[in-house]
Amino acid sequence: MPATRTQIYLQPLQRQRLDEIAGSRGLSLASVIREAVDLYLANAEVDPTEALRETFGAAPDAWVPDRDEWDTRDDRLKILD
């Protein structure tokens with residue numbers, strides 16, 4: 001499978017340790033990071049119910065327009081086309 005280029009920022013100690021691991025094993029930094037991500041993902045459980053429970057009410061002042069407002073916006077955008 002082709003890889004996707006991804007840029008991340010690491011803390012200096014994280015980068016140092018990853019470089020040490022890569023060097024000691026004769027691997028590239030990218031290879032070590034991919035291996036670490038695979039290990040993390042193999043053990044990570046995704047529970048959308050828990051995520052919703054933890055974030056419910058996180059933005060109590062959030063405004064969501066009603067359906068009529070969306071229809072009005074859609075009509076205005078059609079005029080601009």
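1. Glu35 is partly exposed, with a relative accessible area of 31%, and in this predicted model its side chain takes part in a salt bridge with Arg25, where the closest N and O atoms are 3.0 Å apart. The pair links distant parts of the chain, since Arg25 belongs to helix H1 whereas Glu35 belongs to helix H2, which covers residues 29-43, and the two are 10 residues apart. Arg25, for its part, is also classed as partly exposed, at 43% relative accessibility.

2. Helix H1, which covers residues 12-25, holds both partners of another pair, Asp19 and Arg15. Their side chains meet in a salt bridge with an N to O distance of 3.0 Å. Because Asp19 and Arg15 are 4 residues apart in this helix, about one helical turn separates them. Asp19 has a relative accessible area of 34%, which places it in the partly exposed class, and Arg15, at 41% relative accessibility, counts as partly exposed as well.

3. In helix H3, which covers residues 48-55, Arg53 and Glu50 are 3 residues apart, so that about one helical turn lies between them. These two residues form a salt bridge in which the closest N and O atoms are 2.5 Å apart. What is the relative accessibility of Arg53, and how does this residue count? Arg53 stands at 53% and counts as exposed, because the cut-off for that class is over 50%. Glu50, by contrast, is partly exposed, with a relative accessibility of 31%.

4. The setting of that pair deserves a separate remark. How many of the 8 residues of H3 are buried? The number is 0, and H3 therefore lies largely in the open. A residue would need a relative accessible area under 20% to be called buried.

5. As to the overall tally, the count of salt bridges comes to 4. Among them are the pair of Asp19 and Arg15, the pair of Arg25 and Glu35 and the pair of Arg53 and Glu50.

Definitions and conventions
Residues numbered from 1 in each chain as written. Predicted model: local features only at pLDDT ≥ 70, side-chain atom pairs only at ≥ 80, totals over all residues. Heavy atoms only, no water. Buried < 20%, exposed > 50% of the residue type's maximum accessible area, 1.4 Å probe, protein only.
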